[in-house]
Amino acid sequence: MSILTISNFTRQYENRTVVDDISLVVGKGEIVAIVGESGSGKTTLLNMISGNVKPETGHLFLENQELDLQFDRLIKEFPEIKLVPQDYRLKPEHKIWENIDLALTRYTHEYRRERVMELLELCGLTQVKDKKPREVSGGEKQRTAIARAIAEEPQVLLLDEPFSNLDSINKQKLREKLVEVIRQEEIACLFVTHDLMDAFLVADRIGVMYKGKLLQLDKPEVILKSKQEEYVSKFVSSALNVFREFFERYPNL
Ligand SMILES: Nc1ncnc2c1ncn2[C@@H]1O[C@H](COP(=O)(O)OP(=O)(O)OP(=O)(O)O)[C@@H](O)[C@H]1O
């Protein structure tokens with residue numbers, strides 16, 4: 001079932017089209033990755049979906065209900081769509097559990113306690129709940145930001161480069177947790193990354209962006225063998241070349 005539908009999103013900056021007529025759909029419990037090199041328009045696309053940046057053209061639907069994009073206000077974001085920015089934006093003076101709890105101030109004390117415990121468990125943070133953000137790993141910070149974003153059970157989770165500041169062990173842990181959380185909470189998840197490997201390891205479908213355009217959006221196996229778009233096959237080859245180089249250097253492995 002489709003949760004998030006965006007159609008014909010376009011945005012210009014200084015007379016340059018940075019997001020060019022993009023349409024896509026994300027389903028319940030589905031993870032879609034948008035990959036593209038730096039400057040291809042990925043963050044602008046996420047900011048438009050989250051309500052932080054106004055598109056010049058386009059429509060946004062949540063379960064077939066159109067959201068009003070003609071807002072003109074400083075308060076950002078739609079409550080059903082949560083964005084985890086690249087820098088997490090955790091509150092340094094608060095403990096991990098408090099950072100999650102702060103998303104729940106509208107609720108009763110009892111419900112907050114229960115939901116925070118549930119989210120700590122779901123995101124693998126119970127052990128570090130009483131630490132401050134500076135005392136935990138990058139992966140734990142990222143998982144705290146995800147827990148905070150999904151605290152109010154949004155329908156859509158947007159992640160900007162969720163794996164970029166992590167070492168390989170934390171990356172793997174986050175990948176596993178992300179898939180578990182998305183499937184369990186039945187959220188529609190869209191994340192952007194410049195690293196195709198992260199997309200291949202997590203996403204149900206991958207979209208490749210280039211100069212503001214979504215060139216192709218398909219299952220990873222289809223993207224892997226793509227002949228449809230020259231740029232897509234070039235982008236895939238560059239990611240796979242790392243493995244080729246590795247095994248050429250260490251042929252006896
Ligand atoms: N507020 C802004 N004002 C002017 N130009 C902008 C603004 N935001 C983004 N741009 C430009 O739009 C283009 C796309 O930027 P965007 O951040 O969306 O790309 P990206 O694919 O997310 O890049 P990266 O991977 O480096 O974060 C870039 O050329 C950028 O300089």
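Helix α1 (residues 42–50) contributes the most to the shell around the ligand, giving three residues. Helices here are DSSP runs of H or I with at least four residues, numbered from the N terminus. Please keep in mind that this is a predicted model, where local features need pLDDT of at least 70, side-chain atom pairs count only at pLDDT 80 or more, and totals for chains, interfaces and linings use all residues. Residue numbers start from 1 along each chain as its sequence is written.

**Around the ligand**
- The ligand is surrounded by Y13, E14, V18, G36, S38, G39, S40, G41, K42, T43, T44 and H194 (C-beta atom, placed from the backbone, within 6 Å).
- This shell divides into two nonpolar, eight polar and two charged residues.

**Helix α3**
- V116, L119 and L120 are buried in α3 (buried means 20 or more other C-beta atoms within 10 Å of a residue's own, exposed 12 or fewer, with C-beta atoms placed from the backbone).
- They lie on the same side of α3, because they cover an arc of only 100° around the axis, taken from the directions from the helix axis to the C-beta atoms.
- On the face turned away from that buried side, α3 carries the exposed residues E110, Y111 and E121.
- The buried residues of α3 pack against α2 (96–101) and α4 (138–150), with contact meaning C-beta atoms, placed from the backbone, within 7 Å.
- After α3 comes G124, whose phi is positive, near 65°.

**S168**
- S168 sits in helix α5 (residues 168–185).
- S168 is exposed, with 8 other C-beta atoms within 10 Å.

Terms used:
Helix = DSSP H or I, 4+ residues; strand = E, 2+ residues; numbered from the N terminus. Nonpolar A, V, L, I, M, F, W, Y, C, P; charged D, E, K, R; others polar. Contact = placed C-beta atoms within 7 Å.
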